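Visitor: I'm new to this one, could you walk me through how its parts meet?
Guide: Gladly, let's look at it together.

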Amino acid sequence: MHEIVSKEILTDDVYRLRVRAPLIAEERRPGQFVIVQLEEEYGERIPLTIADADSREGTITLIFQAVGKTTHQLGDLKVGESIQSILGPLGKPTHIEKFGTVVCVGGGIGTAPLHPIVQGMKAAGNRLIVILGARTQKLIILEREMRALADEFILCTDDGSAGRKGLVTDPLKEICGRTPKPDLAVAIGPPIMMKFCAEATRPFGVPTVVSLNTIMVDGTGMCGGCRVTVGKKTQFVCVDGPEFDGHQVDFDNMMKRLKAYKSHEDEAHHKCHMETQADLLKEGRA
Amino acid sequence: MSHLSSPNLRQQAIDLLKDLDPRQATLKAKDRIRIPAQDMPTQDPAIRRRNIQEVAEGYFPEQARVEAMRCLQCRNAPCVEGCPVRIDIPGFIRAIAENNFAGAVEIIRRNSLLPAVCGRVCPQETQCQAECTVGKSLKDINQAVMIGRLERFVADWEREQHGVRLPPIKPDTGRKVAVIGSGPASITVAADVRREGHAVTVFEAFHRPGGVLLYGIPEFRLPKKIVEMEINALKTMGVEIRTNFVVGRTRKLMDLMVKDGYDAVFVGTGAGLPKFMNIEGENLVGVFSANEYLTRANLMRAYAVGQADTPIFRGRRVAVLGGGNVAMDSARTAVRLGAEEVHLIYRRTEVEMPARVEEVAHAKEEGVIFHFLENAQRILGNDYGVVTSIECLRYELGAPDESGRRRPVELKGSEFILPMDAVIVAIGNESNPLIRQTTDGLKTNKWGNIVVDDTGKTSIDRVYAGGDIVLGAATVILAMGEGRRAAASINAQLAASP
C-alpha cells in the first residue's frame with residue numbers, strides 16, 4: 001500500500017501526487033516510470049511517469065492527467081488514502097552525460113517525465129534550453145521548476161495566451177539553426193508533437209530522444225502490448241525503452257496502436273461517469 | 001469424439017468395479033489390458049464454450065480405481081523412465097487400485113510438489129504415458145494407462161479431504177534465501193528451502209503470485225484456486241511473498257545479497273518475452289502476443305465484462321498462429337470471449353503439433369477450426385491500421401530437421417487470404433532480459449538463457465537458476481525438477497557454510 005502524502009491540482013484534470021514508495025524513490029533514475037494499480041481484484045495496470053522523487057523522505061511524485069477510468073479514480077483519491085500497488089522503477093534510465101547544449105521540449109503533460117531528465121542533464125553540466133508548450137496558458141505545468149533549471153527558457157501556447165504564439169517546433173527549428181547547433185534534443189509530449197519535433201531536428205542532424213508512453217499490461221517485457229516499430233525493428237517500450245531515437249520511431253503506427261481500446265475506454269469512462277452522477281443524485285447534490 | 005455425460009461414465013465404472021474388485025488379486029496381464037480406458041468426465045462442449053469453468057471435471061473414485069487396475073505393474077517400470085522427476089508411478093497406481101488414496105498421494109509427494117497442477121498440465125503422452133506397456137501392447141498411445149488423470153485424481157482427493165498438506169519445517173537457521181519469480185520452479189525452491197529452516201522471500205513482479213500458472217494457463221484448464229492453495233501453503237510454511245517487486249529494477253539482484261543480507265538467490269523468472277513472426281503487419285491494431293491476450297483474460301480477468309477495468313480486444317474472426325498449448329489456450333479463450341470463428345493456423349500437421357492431445361481434442365470439440373500445413377506470411381490492415389485479413393501460404397512436409405520433425409516447405413504461389421479482425425501470435429517465448437541486463441557477470445547463452453552447472457548454480461557465487469529462464473520455454477514438471485535440484489544445492493551450500 002502506498003500512502004498519498006500530498007495532492008495538488010495543477011490544472012484542469014492534471015494532478016500531482018506525492019506517494020510513499022521508498023524502494024522506488026531510492027532506485028529510480030530519470031526517464032523511468034511505474035505501473036500503478038488501484039485495486040488488485042479487477043483494477044487495470046497503467047504506466048505513469050515519475051516526475052520527481054525524494055529518497056530521504058521515501059516518496060515519488062506522479063503527475064498525470066485524468067483521461068480514463070483509472071486516472072479519474074486516481075485523481076479522486078485524498079491525502080492519507082492509498083494506492084494498492086505500484087511497480088517500478090521500470091524502463092531503461094535516460095542516458096545522461098555532458099553533451100554540451102541540450103534542448104529539452106515538453107508538451108502538455110509530457111513536461112512531467114521531462115522534469116527529472118532536465119534535472120539530470122543540468123547536474124551533468126549541460127547548458128540547457130527548455131521549451132514548454134501547451135494549447136493555452138492554464139495547461140502549462142512545472143513552469144516555475146523548469147525556469148529555475150533552464151539556462152534559456154521559451155514558452156509557447158497555441159493561442160498566444162502566454163509566451164510565444166505557435167507550436168514548440170518553431171523555436172526548436174530556430175535553435176537547431178544556430179551555430180553551434182545543440183548537441184542533443186529531448187522531446188516528450190503527445191505523440192504528434194514528438195513526431196513533428198523529430199521532423200524539425202532531422203534536417204539539422206541533431207540527435208533527438210523521445211520518450212514513449214504506450215499501452216502496457218505488465219511493464220516487464222512479458223506481454224509485448226507496448227511494442228513500437230523503431231527503424232523497421234519491433235521494440236518493446238517497457239524493456240527496450242521508453243526512450244528511443246526519435247528519427248527512427250514509426251509514430252503513425254504508434255498513434256494507431258494507442259487507440260486500440262478507445263471504444264472500450266469511452267464506454268468504461270462513460271459508465272463510471274454515470275455512476276458518479278447517480279451517486280450525486282442519491283446524495284441530493286446534483 | 002462424442003460427449004458422454006458424467007453420470008454415464010460413473011455408472012459404467014461402478015459396474016466394472018463390481019466385477020473387477022473381488023478378483024483383483026488374480027487379474028492377469030491380459031485381463032488388465034482388456035479393461036477399457038476410463039474417459040475423463042468433461043463439461044458439455046456446447047455449454048463450456050460460454051464459460052470459463054474447468055473443462056475436465058476429474059475422475060470419479062470408481063473410475064480411478066478401474067483405471068488403476070489397467071496398470072500391469074511392470075517390474076522395469078518404463079513409465080518412471082519417462083517421468084522427468086521419476087515419480088514411483090506403479091507404486092501410486094497400485095495404491096489407488098487398492099483404494100488407498102492417501103497412500104498414493106504420499107508416494108507422489110516424495111518426488112513432486114505440485115501433483116494437482118502437473119496432473120492437469122503435463123504432456124503425459126510424450127512422457128510417462130508414451131512409455132506405458134499397456135499403450136504399446138494395444139498399439140495406441142491413447143490407450144495407455146491414464147497416469148496424469150490418476151495423479152490429478154488423488155491430488156484433488158487430498159485437497160478436498162484436508163487441504164494441501166504441509167511438510168514439517170526444521171527450526172530456524174537464521175539464514176535467508178531470495179527466490180525471484182513465483183512460477184512452478186520458484187514455488188518448488190521456496191518449499192524445499194523453507195523446509196530446512198531457512199527464511200525464504202519470494203519476489204514477484206505481478207500483483208499476484210503464481211507466475212505462468214496464473215497469467216498464462218487459463219481457468220478452464222487449471223482453476224486458479226488450486227494455484228492459490230499452493231501459494232497459501234507456502235505462506236503457512238512461513239514463506240514471505242512480496243508482490244509488485246521486480247528484481248533488477250526495484251532492487252538489483254546483487255543488492256539482495258549485498259544490501260539486504262540474503263545468503264543465496266534463486267532466479268526463476270521464466271520465459272517471459274514473446275516471440276513474434278517478423279512478418280509485415282505484425283504491429284497492426286488487433287495483433288497480440290498470446291502472452292498479452294492470455295494475461296488480459298486470466299490475470300486481469302478481462303473475461304468479467306463490466307467488472308474488470310482491463311479491456312480485451314473482441315475479435316469476431318480470430319486467427320491464432322502456432323500449435324502448442326499456448327496456441328490452444330489462446331484459441332479456446334477467444335471462443336469463450338465470444339468470437340464467431342476461431343482459426344488455428346499451424347505450418348506442420350497435427351502429428352507434429354506440440355500441444356497436449358487432450359487440449360487439441362477439446363479445442364476441436366469447442367469449434368476451433370484447424371488449418372494444417374498453412375502459415376501466415378502477411379497481416380493486412382485498413383487505413384486505421386486495424387487488421388482486416390491475413391495472407392497465408394500452403395506448405396508440405398519435407399525431410400526431417402534437427403528436431404527430428406519433418407520440415408515444412410512452402411508451396412510457391414499458394415497464397416490465399418483469410419479475412420480476420422484479430423490475430424494472436426503464439427509461437428513461443430524468449431528469455432526475459434531484465435535480470436541479464438541488470439546483473440553484471442551473470443553468464444547467459446546466445447538465446448539469453450542463464451547458464452547453470454549441474455547443481456543449478458550460475459556463474460555468480462550463491463546465485464542459482466532454474467525453470468524456463470534456463471531451459472527456454474519448457475514444461476511445469478521440468479521447471480519443478482530444476483527447482484528441486486537448485487533447492488538441494490542451496491540447502492547444501494548453506495549447510496556447508498556456517
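**Where the parts meet**

Guide: Between domain 1 of chain B and domain 2 of chain B there are zero salt bridges, a salt bridge being a side-chain nitrogen of Lys or Arg within 4 Å of a carboxyl oxygen of Asp or Glu. This is a predicted model, in which local features need pLDDT of at least 70 and side-chain atom pairs count only at pLDDT 80 or more, while totals for chains, interfaces and linings use all residues. Residues are numbered from 1 along each chain as its sequence is written, chains are lettered from A and ligands numbered from 1 in the order in which they are written, and side-chain values use heavy atoms, with hydrogens and water left out.

Visitor: Which stretches do the domains of chain B cover?
Guide: Domain 1 of chain B is 6–162, domain 2 is 176–272 + 431–496 and domain 3 is 274–428, with bounds from an automatic or database domain assignment.

Visitor: And how much area do domain 1 and domain 2 of chain B bury between them?
Guide: They bury about 1900 Å², with 76% of it on carbon and sulfur atoms; buried area is the accessible area (1.4 Å probe) that two parts lose on being put together, summed over both. On the domain 1 side, B:Leu113, B:Leu114 and B:Arg159 lose the most area to domain 2 of chain B, together 32% of what that side buries.

Visitor: What about polar contacts there?
Guide: The rule finds three residue pairs in polar contact across that interface of domain 1 and domain 2 of chain B, both residues at pLDDT 80 or more. A polar contact is a pair of N or O atoms within 3.5 Å; within protein, one must be able to donate a hydrogen and the other to accept it, and residues adjacent in sequence count only if both atoms are side-chain atoms.

Visitor: Switching topic, how many residues do chain A and chain B each bring to their contact?
Guide: Chain A brings 45 residues and chain B brings 48, where contact means heavy atoms within 4.5 Å. The area buried between chain A and chain B is about 3900 Å², and carbon and sulfur atoms give 52% of that. In chain A, the residues that lose the most area to chain B are A:Tyr42, A:Met222 and A:Tyr261, together 20% of what that side buries.

Visitor: How many salt bridges there?
Guide: The count between chain A and chain B is six. A:Glu27 forms a salt bridge with B:Lys252, and their closest N and O atoms are 3.9 Å apart.
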